[in-house]
Amino acid sequence: MITLHTSTGEARELHAAGFEPRPQTLDPAIVWIDMLQPNKAEDALVEGLLGISVPTREDLKDIEPSSRLYTENGAVFMTASLLCGVDRERPALTDVAFVLAQNRVVTVRYDDPRAFTLFKAALKRSPDGCGTGIGLLLRLLETITDRTAEILEHAALKLDDLSHRVFETPAGSRRRDPHYLEERLREVAAQHRLVALARDSLSSLDRLLTFLYTVPDTQAETEMKELSRTLSRDVQTLSEHATFISGNIAFLLDASLGLINVEQNAIIKIFSIASVVFLPPTLVASLYGMNFRFMPELDWTFGYPFAILLMIVSAIIPYLFFRWKGWL
């Protein structure tokens, strides 16, 4: 699908096949051509209109910097990895191509990051500064950066809540569910994956902005240079913040595993102490279970109750001793 956008936010779809005749030229007011999951016919249509080679899905997957950031026939080609699927709890990275050609921006994407939806809504409200291709591209990158910052902020808040739940003390003497910490570990792992993806995305954005700063269209306007430099600083700051969050995740992960070990050791401790507590009664029972011919208590009326009482006392004394020593 191809969507044409003007600087005022007006949008209309452009069809590569159908009853409408194919346009030979573009309206000068069009500054953004958004291609979402384009097919070969749509690629050929845009290539014919702008005289550029539209990156394919295979081209976007190339990780070589020379294949992601380059200039060809006066057009600037840039590819960045953006976060998507965060709202659906299935975060992933999707590669998006940004092409700056003939004072227009062409975006080629095979997924729908939320930043694009936010930018389209904002474009209608504040068209200032988006009358040129480079201006619109930088504003779009600004929206993408703000969206990434929002994702990191949400991740930090969720990790803070997770930290409280991991270290909270159960009410009274009630023990936590055996699988409680395991569920928290899964949540920590999900946040770790999200932050790791955000760091990868910010890294690709940093490379893109560094390259974009050297583009003649950026250098031609002081405002665009300053905006590009500001965005680059914002991305670097967010990368440092993502690194800080990753450190907190590592601590929370280690703490959760440590608490699991503590609870497991407490269970083993109970079994160990129980076995020690029952050793004296076992000794008494073994003694009176011997088949000796002469045993005074065998002919004693209270011999049996005495043996039972002796076993109970021999179990209580070690228990009280362990409580006094603080081992229980």
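A crossing of two helices is called left-handed if the near helix is turned anticlockwise from the far one by less than a right angle, and right-handed if clockwise. Keep that in mind for the views below, which come from a predicted model.

**View 1. The whole chain, as a starting point.**
Before zooming in, let's get our bearings. The chain holds 10 helices and 7 strands. Of its 328 residues, 39% are buried. Among contacts with a separation of 6 or more, 67% join residues 24 or more positions apart. The accessible surface amounts to about 19000 Å², and carbon and sulfur atoms hold 57% of this surface.

**View 2. Helices H5 and H6, packed against each other.**
This view shows a left-handed crossing, with H5 passing H6. Helix H6 covers residues 180-213, and its axis lies 10 Å from that of H5. At what angle do H5 and H6 pack? The angle is about 160°. Angles over 145 degrees count as roughly antiparallel, so H5 and H6 are roughly antiparallel to each other. Look at the residues that make this contact: 22 are nonpolar, 2 are polar and 4 are charged.

**View 3. Helices H4 and H5, a crossing of the other kind.**
Here H4 and H5 cross in a right-handed way. H4 runs over residues 114-125 and H5 over residues 133-167. The two axes are 9 Å apart, at an angle of about 125°. H4 and H5 are therefore oblique to each other. On the H4 side, the contact is made by Arg114, Ala115, Phe116, Leu118, Phe119 and Leu123. On the H5 side, you can find Leu136, Arg139, Leu140, Thr143, Ile144 and Arg147. Sorted by type, the residues of this contact are 8 nonpolar, 1 polar and 3 charged.

Now find His5 in strand E1, which spans residues 2-6. Is His5 buried or exposed? Its relative accessibility is 3%, so His5 counts as buried. If we skip neighbours within four places in sequence, the contacts of His5 include Glu10, Ala11, Ala29 and Ile30. Val31, Trp32 and Asp34 also touch His5, and so do Lys120 and Leu123.

**View 4. Ile52, a buried residue in a loop.**
Ile52 sits in the loop that joins helix H1 (40-50) to helix H2 (57-60). With a relative accessible area of 10%, Ile52 is buried. Which residues does Ile52 touch, not counting those up to four places away in sequence? They are Glu47, Ala75, Phe77, Val99, Ala101 and Val106. Take Ala75 as an example: it is 23 residues from Ile52 along the chain, and their C-alpha atoms are separated by 7.3 Å.

Gln37 belongs to the loop between strand E3 (30-36) and H1. Its phi is near 50°, a positive value in a residue other than glycine. Asn73 lies in the loop between strand E4 (69-72) and strand E5 (75-84). Phi of Asn73 is also positive, near 55°, and this residue too is not glycine. Asn73 counts as exposed, at 75% relative accessibility.

**View 5. Ser256, a buried residue of helix H8.**
Ser256 is part of helix H8. At 0% relative accessibility, Ser256 counts as buried. Leaving out neighbours within four places in sequence, Ser256 is in contact with Val166, Leu181 and Leu185. Ser256 and Leu181 are 75 residues apart along the chain, with 6.7 Å between their C-alpha atoms.

Ser203 is located in helix H6, and His241 in helix H8, which spans residues 222-277. How exposed is Ser203? Ser203 is partly exposed, with a relative accessible area of 32%. His241 is partly exposed as well, with a relative accessible area of 32%. From C-alpha to C-alpha, Ser203 and Ser239 are 7.4 Å apart in space, while 36 residues apart in sequence. His241 and Ala156 are 85 residues apart in sequence, and their C-alpha atoms are 9.6 Å apart in space.

Terms used: Residues numbered from 1 in each chain as written. Predicted model: local features only at pLDDT ≥ 70, side-chain atom pairs only at ≥ 80, totals over all residues. Heavy atoms only, no water. Axes fitted to C-alpha atoms, helices over the stretch in contact; angles between N-to-C directions. Helix = DSSP H or I, 4+ residues; strand = E, 2+ residues; numbered from the N terminus. Parallel < 35°, antiparallel > 145°, perpendicular 65-115°, else oblique. Contact = heavy atoms within 4.5 Å. Nonpolar A, V, L, I, M, F, W, Y, C, P; charged D, E, K, R; others polar. Buried < 20%, exposed > 50% of the residue type's maximum accessible area, 1.4 Å probe, protein only. Areas by Shrake-Rupley, 256 points an atom, 1.4 Å probe, with all protein chains shown as cover.
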